[in-house]
Amino acid sequence: QVQLEESGGGLQQAGGSLRLSCAASGSIFSVPAMGWYRQAPGKQRELVASITTGGTATYSGDVRGRFTISRDSAKNTVYLQMNSLKPEDTAVYYCNARLIVRPEYKMYEYWGQGTQVTVSS
């Protein structure tokens, strides 16, 4: 049994900052990649940022330079620091993880329950 527990999010004014956290727990052997997606009303879910075990980070063009993704491998936790927030960042943010789990030692993809981020103008 694997769970992704998200925290952070909420309401912030434009130009402000928020920090999201996501911790993976359960029968985990390794975590090849973790990341964040978001889905705004009426839009498809899109990648915001991802990071590999080796620390290679990928960002969408919309957030590059404003958001920073990081991870604590010892805690199986990924963070998303969001600065210079814009109203268009308003969305439900979902944690995503590709995990190799015991006892199968196979890789599966997991999603968090989502956390609302609302940016007011």
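Q: Why does Tyr 105 count as partly exposed rather than buried or exposed?
A: In this predicted model, Tyr 105 has a relative accessibility of 48%; since buried means under 20% relative accessible area, exposed means over 50% and partly exposed is what lies in between, with a 1.4 Å probe and protein chains only, Tyr 105 counts as partly exposed. Residues are numbered from 1 along each chain as its sequence is written, and side-chain values use heavy atoms, with hydrogens and water left out. Because the model is predicted, local features need pLDDT of at least 70 and side-chain atom pairs count only at pLDDT 80 or more, while totals for chains, interfaces and linings use all residues.

Q: Where is Tyr 105 found, and what is said of its phi?
A: Tyr 105 is found in the loop between strand 9 and strand 10, where strands (E, at least two residues) and helices (H or I, at least four) are DSSP runs numbered from the N terminus. Its phi is near 55°, a positive value in a residue other than glycine. Pro 103 lies in the loop between strand 9 and strand 10 (106-111) as well, and a cis peptide bond, with omega about -5°, joins Arg 102 to Pro 103.

Q: How do you know that Cys 22 and Cys 95 form a disulfide?
A: A disulfide is a pair of cysteine sulfur atoms within 2.5 Å, and the sulfur atoms of Cys 22 and Cys 95 are 2.0 Å apart, so the two form one. By this rule the count comes to 1 disulfide.

Q: Why is the disulfide of Cys 22 and Cys 95 called left-handed, and what does the pair tie together?
A: The torsion about the S-S bond is about -85°, so the disulfide is left-handed. Cys 22 lies in strand 3 (residues 18-26) and Cys 95 in strand 9 (residues 91-101), so the pair ties together parts that are 73 residues apart in sequence. Cys 22 is buried, with a relative accessible area of 0%, and Cys 95, at 0% relative accessibility, counts as buried too.

Q: Why is Ile 28 called buried, and which residues is Ile 28 in contact with?
A: Ile 28, which lies in strand 4 (residues 28-39), has a relative accessibility of 9% and therefore counts as buried. Contact means heavy atoms within 4.5 Å, and, leaving aside neighbours within four places in sequence, Ile 28 is in contact with Val 2, Asn 76, Leu 99, Ile 100, Val 101 and Arg 102. Of these, Asn 76 is placed in the loop between strand 7 and strand 8, and its phi, near 50°, is a positive value in a residue other than glycine.

Q: What makes a set of residues a nonpolar core, and which residues have the most contacts inside the largest one?
A: A nonpolar core is a set of buried Ala, Val, Leu, Ile, Met, Phe, Trp, Tyr and Cys residues joined through side-chain atoms within 4.5 Å. The largest has 30 residues, and those with the most contacts inside it are Trp 36, Leu 80, Met 82 and Tyr 93. The largest share of this core, 6 residues, comes from strand 9. Not counting residues up to four places away in sequence, Met 82 touches several residues, including Leu 18, Leu 20, Phe 67, Tyr 93 and Val 117.
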